[in-house]
Amino acid sequence: MSLDEDARWLEWVTKQFESIAGDDKEIDLDEFKTALKVKESFFAERFFALFDSDGSSSISLDELLKALNLLIHGSETDKLKFLFQVYDVDGSGSIDPDELRTVLKSCLRESAISLPEEKLDDLTLALFESADKDNSGSITFEELKAELENFPEVMENLTISAANWLKPPDVDQKRRQTPRYLTRAYWHNNSRKLLFLCVYAGLSLLLFIAAMLQHSQGGVCYMLAKGCGQCLNFNCTFVMVLMLRRCLTWLRVTWVVRVLPLDQNILLHQIVGYAILCYTLVHTTAHICNFVQLSEHSGFSVWEYLLTTRPGIGWVKGTASVTGVVLQVVICLMVLCSSTFVRRSGHFEVFYWSHLSYVWVWSLLMVHCANFWKWFVVPGLVFLLEKIVGIAVSRMGGLYIVEVNLLPSKVTHLVIKRPQFFHFKPGDYVYINIPVIAKYEWHPFTISSAPEQSDSLWLHIRSMGQWTNRLYEYFRQPESPTLSPKRLATSLKNRRQLMKAQEELFSSTNRNGAVASNEDDAIELTMYRQNRSQSRPAPGSVSGSGAQGLAEPLPDELGPAERGEAPPLRDVPAKFGENHRFCNIKCYVDGPYGTPTRQIFASEHAVLIGAGIGITPFASILQSIMYRYRRRKQNCPNCNYSWCENIKDSEMKLRKVDFIWINRDQKSFEWFVSLLTKLEMDQADEEPEGRFLEMHMYMTSALSKNDMKAIGLQMALDLLAKKEKRDSITGLRTRTQPGRPEWGKVFQKVSEEKKGKVHVFYCGSPALAKVIKAQCEHFGFNFYKENF
């Protein structure tokens, strides 16, 4: 580090020290814990003891600078000695198994990971046995150093994560870079959208100029008002065209999808909505200025022009001004209630009900403008036809929620009996109405079951607003015996139907080339029946494991793979408890509607990225992909060897799929961990060109491997995963990585695999979408974001 950088760092640390130190210019243990932002007091106390070199029970600025200089700028050996002292609790010069267990237990708490005591013992022994080279019963500094040398990428950046708070901002990061919107990569990857926007802007400009020239005799304000009015005729119709979901779904399977940005119809709808707001403000302002001029030469005041019908302006009894004022207010309210902070703050109903005022907007526009009906008539009839078809489809046949599972993080898993006429593609979404929750509200959710699953329809709904919270609370309440007089017969009928459908699906899967052998299938089915007979509650009672698909384990239980068992069958829970119930609740479904993920089967190399509940569309896609993958699988009649033919067909051109799932905490993985276990088992055999499906799990609450508070735990997890061939956190073969993905490295690896054109599909928070999209533009990948 140069002298200038050193002086800058010293000034920064001094400033930060003064912000947390008391009047005595010393930092005590409580202040140290607050500044370091650690969850587990063990590490705060160990770090404090090592920072406090004079044993005064407080840390001075000099002591802090000395310790931080070692952690941030010290050599690998210096950092290792500090780490060894943290682990050597009794200061004996060596680490015994009990000390290591204490450290790992604190590491688990610091990373918000919950594991059974037996698993903690396994982790401790795995790391201790690997590091204790001489079998002396303790780990010396040299042995710890030798063990850490197996993780060179960790050693390069080993530090305390909170110490980064005491590092000054990087000057280089503040240098102004070329805006992303001006880069060649951005224009190349967004060519369809940009071309469409250019055409849209050009058409609006032509309409504006033509209207102004046509009314040039009326003065500047009048010309401006008429120009904006003509643009409003076009935009108030076009904003509706962008939301013709059934038409857009149909167009996705045609050549039009390669020309028009159909996947970004929501974004374009928002842009047009903001354009309408701007046009209305200018249109209204121009008319007010015109009315001011007219009031000087007529017998009417400005307020009479604006708020009464006396001047006789308009084609329907002089109502143009009055309807214009009402339209201005309604449009402003619609835009305000459509803002992100309203929709994402748990008030979706405000957005939903305010947006229904589009009916009043169109009705008022008919009265306000004599020519609007000419723009509206054709798109309006198509829109009306879509609504009629939607109502007819949603009311056709009786749809019932037959099973409900309450999952961690307040996720409600609904199993709906699927009608025969209902056909959809992986990743599609539907609008659902559940009268017992809200009689008139319809909400969109992605279908999480595969199209090949013919008997039922899955929806996974996270509680994030008023309606979703009411849904979760409704099923969380104990079922009242008096509400359903025939609950025993209904429950028994539902169970038999599910069992019959499962056996049919199981047998059809075998006929189409399932992975398991007939003997394995029989064993699995027998295990399932035994589970049901041993744990079956009284019919109609509230019961369950909170499982969906493959039975999801409870937070304090081990999954099927962790117990060394074959997972239960795909569609029916293995046992029942308080988080699971059978039911018979009426619902209505409108859809399905297509999404950008329909492009996945036309891709050669697909990267699926789900953040939290954003995995929902990919649950359907992954199941469908693996179903098609199994159909390609070949088995040698003379031995147990199996392989998958690497062929392209009209249905699926995929050569490789990378699935990345990012979760905040450990419990969130329980939503789909059993499904992922099944997918791993489906491709247990090695393929000639490597695995067709690779999974990558990330847990953001866990500290990264570079952090001294986590390095021991991550080493132990790595060692135990190699030994047991499964991850201790999820039970999958795929190792769960701590922290957030480094997208540059992730996409660099994908690019180097050269499996064909890469398409990245994302569902999750908008903030992360911007980061991933920027990286995709850098690598030249196509990016698709799930929107509806």
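Helices here are DSSP runs of H or I with at least four residues, strands are runs of E with at least two, and both are numbered from the N terminus. The model is a predicted one, in which local features need pLDDT of at least 70 and side-chain atom pairs count only at pLDDT 80 or more, while totals for chains, interfaces and linings use all residues. Residues are numbered from 1 along each chain as its sequence is written, and side-chain values use heavy atoms, with hydrogens and water left out.

Of its 788 residues, 51% count as buried, meaning under 20% relative accessible area with a 1.4 Å probe, protein chains only.

Next, select residues 358-368, which form helix H20, and show the side chains of its buried residues, Val361, Trp362, Leu364 and Leu365. Seen down the helix axis, these buried residues fall within an arc of 165 degrees, so they line one face of H20; the arc is that of the directions from the axis to the C-beta atoms.

Then move to helix H7 (residues 117-131) and pick out threonine 124, which counts as buried because its relative accessibility is 4%. A polar atom of the threonine 124 side chain lies 2.9 Å from the backbone oxygen of leucine 120. Leaving aside residues up to four places away in sequence, threonine 124 touches Pro97, Leu100, Arg101 and Leu104, where contact means heavy atoms within 4.5 Å.

Note on methods:
Buried means under 20% relative accessible area, exposed over 50%, partly exposed in between (1.4 Å probe, protein chains only). A polar contact is a pair of N or O atoms within 3.5 Å; within protein, one must be able to donate a hydrogen and the other to accept it, and residues adjacent in sequence count only if both atoms are side-chain atoms.
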